[in-house]
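The following exercises are to be worked through with the sequence and the model at hand. Each task is followed by a solution in steps.

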Amino acid sequence: MQNNDSLKNIWELYGVRENPFSTSPILVIGGEIPIDSFVGRSEHIMRLSKIFGSRGGSRTFVYGDIGIGKTSFVNVVRSSAFEQGFFTHFKEITVQEEWNADDFILNTLSAVYSTLKLIKEKPISENLFKKLESLFEIGKFYANVGISVGGFGGSYSSEQRETERLSSYSLYQFFNEIVEKINDHTKKEVIIHYNNLELMSERKIRYVFDSLRDFFQTKGVHFIFIGNLTAYSIPQSVPRFSSILTDTPFNIETLSYEEIKQIIKKRFESLRISEDYNIIYPYTEDCLQVLYNLMDGNIRDILNSLSTAIFHTTSERPILLDRNKLARTLKDVLEKRYLISLTPKAREVLDEIVKHNEITNKALSDKLKIPRSNISTYIKDLESVGCVYLRRKNGKDKFWKADSKIRWSLLKESVQQTLPLD
């Protein structure tokens, strides 16, 4: 078999073990990207820490645009709380559109169970843990009810008879029992973190949050919800839920250029192969500044762009991206991977969308003199290939935004010489 050089780890050429531009969030515990590489949001961290430190439980909403570090922010605070004796599940709970109210509780129990499995000194009795374990073991039956829940996802089968289902009340009571035992053992409260509420439809969010009002008021639990602008606005219009929110929501905004520059440097340092290896930063100061401006400070989009450009250009030796090489590389990737299959009209619509932070179908129709029905068709096509996404809704108006990679088309080359990053 011939040796395939493409399987080589290109990041070793830059003196690091793996991709320092990874967009995965910082984890509560473990992970290659350490907690101390987090930079900024000190006021938000202090405020959320005070909420978690207050007795009696809470319900807090964190919202902001996609990719600006909402999950990492919450995980940094949860990690600190865990170190101080609070119980919190290690992996955030990512909600799904198909979940009903029971699934919400069941997946919460699943997150608690998966973390308890990893803890040697469990904060609940062995009998209670076995009772919880039986809920998630294939072929087992919980509480003699006759329900079998396969795997950690914990969702009911549509084929199950009504008599075989655990009631929401039974699930809630079981969760409450576990929380009480954890509270008694740790003398601290439990933190539960739900992620990506935007994955649920407006109808489903309204239904779930209205149905689970009592569950979200479980004594001794701090519930935290993360979503984008649309996901935040929907629960606010559910009086039964909005009335129980503990504090004003956290509006997470983009980090400053200096903060993102510092984050990347900290990542390179933490991933350095060893002290014997030099770190090579594969971009110039000007290159990073151009990306920051282009992506409006969105850290995920900046990291994705750098990672894509470096993967595309690195072969046998490390490269240095300046703004010109960055522009040529990313435009080439964009054309070959995404734009080549679009019709001229779809491209015209996309070119207009990318000029705006967000834009409605009506505004597109007015600007391009294209019937709204046709605009809807083009947007559907663009959405299906990942070129645009629904940023938010306001009544019947849908506000569309171009995916960050489409902004690569706006990159411009310059004849000015740039200097390497210090």
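Contact means that heavy atoms lie within 4.5 Å. The model to which this term is applied here is a predicted one.

**Exercise 1. Overall description**

Task: State what share of the contacts with a separation of 6 or more comes from residues 24 or more positions apart, and describe the make-up of the protein.

Solution. 
Step 1. Of the contacts in the protein with a separation of 6 or more, 73% are between residues 24 or more positions apart.
Step 2. The protein contains 15 helices and nine strands.
Step 3. Of its 422 residues, 49% are buried.

**Exercise 2. The nonpolar cores**

Task: Identify the residues with the most contacts inside the largest nonpolar core, and list the contacts of Val-349 beyond its neighbours within four places in sequence.

Solution. 
Step 1. The largest nonpolar core comprises 77 residues, and Tyr-283 and Val-349 have the most contacts inside it.
Step 2. Once neighbours within four places in sequence are left aside, Val-349 is in contact with Leu-364, Leu-368, Ile-370, Ile-375, Tyr-378, Ile-379 and Leu-382.
Step 3. There is also a second, separate core of 49 residues; among its members are Val-112, Leu-116, Leu-132 and Tyr-194.

**Exercise 3. Aromatic pairs**

Task: Classify the aromatic pair of Phe-73 and Phe-250, and then the pair of Phe-216 and Phe-223.

Solution. 
Step 1. The structure has 28 aromatic pairs.
Step 2. In the pair of Phe-73 and Phe-250, the ring centres are 5.9 Å apart and the planes make an angle of 45°; the pair is tilted.
Step 3. This pair links distant parts of the chain: Phe-73 belongs to helix α2 (residues 70-83) and Phe-250 to strand β6 (residues 250-251), 177 residues apart.
Step 4. Phe-73 counts as buried because its relative accessibility is 0%. Phe-250 counts as buried because its relative accessibility is 0%.
Step 5. For Phe-216 and Phe-223, the centres are 5.3 Å apart and the planes stand at 75°, so this pair is edge-to-face.
Step 6. With a relative accessible area of 0%, Phe-216 is buried; Phe-223, at 0% relative accessibility, is buried as well.
Step 7. Phe-216 and Phe-223 belong to one aromatic cluster, which also includes Phe-61, Trp-99 and Tyr-194.

**Exercise 4. Charges over rings**

Task: Determine which ring face lies under Lys-122 and which lies under Lys-405.

Solution. 
Step 1. Lys-122 is placed over the face of Phe-129, at 5.0 Å from the ring centre.
Step 2. Lys-405 is placed over the face of Tyr-338, at 4.6 Å from the ring centre.

**Exercise 5. Strand β1 and its partners**

Task: Describe the burial of β1 and its pairing with β5 and β6.

Solution. 
Step 1. Strand β1 (residues 58-63) is mostly covered, since six of its six residues are buried.
Step 2. In a regular strand the side chains alternate between the two faces of the sheet.
Step 3. In β1, Ser-58, Thr-60 and Val-62 point one way, Arg-59, Phe-61 and Tyr-63 point the other way, and all are buried.
Step 4. Six bridges pair β1 with strand β5 (residues 221-227) in the parallel sense; Val-62 stands opposite Ile-226 of β5.
Step 5. Two bridges pair β1 with β6, also in the parallel sense; here Tyr-63 stands opposite Asn-251.

**Exercise 6. An open sheet**

Task: Give the strand order of the open sheet of three strands and the sense of its pairing.

Solution. 
Step 1. The order is β7-β9-β8, and the pairing is antiparallel.
Step 2. β7 (359-360) and β8 (388-394) are the edge strands, each of which pairs on one side only.
Step 3. β7 is joined to strand β9 (residues 397-402) by two bridges, and the bridge partner of Thr-360 in β9 is Phe-399.

**Exercise 7. Positive phi angles**

Task: Arg-41 and Lys-187 have a positive phi. Decide whether Arg-41 is buried or exposed, and likewise whether Lys-187 is buried or exposed.

Solution. 
Step 1. Arg-41 is not a glycine, yet its phi is positive, about 60°. Arg-41 is located in the segment before α1 (42-53).
Step 2. Buried means under 20% relative accessible area, and exposed means over 50%.
Step 3. Arg-41 therefore counts as buried, at 11% relative accessibility.
Step 4. Lys-187, likewise not a glycine, has a positive phi of about 60°. Lys-187 is found in the loop between α5 (168-186) and β4 (190-195).
Step 5. Lys-187 has a relative accessible area of 61% and is therefore exposed.

Terms used
Residues numbered from 1 in each chain as written. Predicted model: local features only at pLDDT ≥ 70, side-chain atom pairs only at ≥ 80, totals over all residues. Heavy atoms only, no water. Core = buried A, V, L, I, M, F, W, Y, C linked by side-chain atoms within 4.5 Å. Buried < 20%, exposed > 50% of the residue type's maximum accessible area, 1.4 Å probe, protein only. Phe/Tyr/Trp six-rings, centres within 6.5 Å; stacked < 30°, edge-to-face > 60°. Helix = DSSP H or I, 4+ residues; strand = E, 2+ residues; numbered from the N terminus. Lys NZ or Arg CZ within 6 Å of the ring centre and 35° of its normal. Pairing = 2+ DSSP bridges.
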